[in-house]
Amino acid sequence: MLHILMSTYNGERYLAQQIESIIAQTYTDWCLFIRDDGSKDGTKQILDAYAVKDKRITVLRDTENVGACRSFERLLEQCGGADYYAFADQDDVWDADKVEICMQVIRAQEKAFPHKPVVVHTDLRVVDEQLQEIAPSFWRYSNIQADLLDAHRHYLAISNSATGCAMLFNEAARACALPMSENAYMHDAWVALMTVCHGGQLVPIHRAPIAYRQHAGNVLGAVHYSTFGRSISRRIYEAGISYRRSRGCVYRNKLHFLVWKTIYFIHRALRINR
């Protein structure tokens with residue numbers, strides 16, 4: 001059994017398309033649990049209608065506004081009891097075989113690494129509001145080197161490779177991710193990092209079975225790597241998030257973090273320029 005976990009907030013514009021794409025999955029042994037994070041538009045009415053339409057869909061009645069990370073944490077806490085879990089955003093569109101692709105890979109990984117936490121994650125197609133393709137690969141678009149990041153926990157703590165809506169993970173990965181630290185910035189990065197820190201497997205799938213919709217309301221979206229000329233203050237802020245999230249479980253102190261951050265950027269630059 002797969003539990004798909006979705007957090008919504010003022011998502012009425014694209015929500016129906018996403019839910020329909022989940023209903024259309026070729027893999028059918030799933031339940032969809034949706035927690036609304038205090039929407040002010042028609043989101044809750046759409047959710048209630050789908051819960052009536054398909055009995056595999058359950059809408060949680062906890063509607064306190066806590067933000068995306070803590071909303072997904074509550075879903076993880078309240079919706080256990082499955083073999084596998086997947087996050088879903090409210091505005092994407094999944095290809096019909098998205099779940100099936102991930103299930104095939106995670107089951108193979110579990111045979112190779114029994115009793116280990118496992119997370120698999122795919123690439124994504126970057127699209128605009130009308131689902132017109134911007135880039136066929138989110139990883140190439142944003143220069144996310146998933147193979148490099150997934151193989152090194154010190155690198156993963158600096159730059160997350162696993163996008164929440166592209167992830168599928170087992171119960172062991174869910175267990176080691178809870179409770180989330182108060183320093184967890186986003187749920188996807190935390191689950192991926194805790195899986196690796198607990199000796200598990202983080203596995204990239206070089207396919208893009210998701211239309212990753214970009215619009216003005218994205219909490220976090222796709223940024224082209226050529227526009228990464230962020231200000232020094234922004235870079236310091238992001239480094240602080242990475243350090244606080246991984247302090248103790250990956251890095252001993254700030255110097256340890258800075259050394260590995262330098263090594264990572266050198267390694268990445270050498271791969272880009274070769």
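This report walks through some aromatic pairs, a strand pairing and a surface patch in a predicted model.

## Ground rules

Residues are numbered from 1 along each chain as its sequence is written. Local features need pLDDT of at least 70 and side-chain atom pairs 80 or more, while totals for chains, interfaces and linings use all residues, and side-chain values use heavy atoms, without hydrogens and water.

## Aromatic pairs

The whole structure holds eight aromatic pairs (Phe, Tyr or Trp rings, the six-membered one for Trp, with centres within 6.5 Å; planes under 30 degrees apart are stacked, over 60 edge-to-face, the rest tilted). F72 and F87 make an edge-to-face pair, 5.2 Å centre to centre with 70 degrees between the planes. F72 sits in helix α3 and F87 in strand β4 (residues 84-88), 15 residues apart; helices (H or I, at least four residues) and strands (E, at least two) are DSSP runs numbered from the N terminus. F72 counts as buried because its relative accessibility is 3% (buried is under 20%, exposed over 50%, partly exposed in between, with a 1.4 Å probe and protein chains only). Ring pairs also link F72, Y85, F87 and F169 into a cluster.

## Strand β10

Four of the five residues in strand β10 (residues 201-205) are buried. Strand β10 pairs in the parallel sense with β6 (residues 118-122) over five bridges (pairing takes at least two DSSP bridges).

## Helix α11

Now for L255, found in helix α11 (residues 254-273). L255 counts as exposed, since its relative accessibility is 60%.
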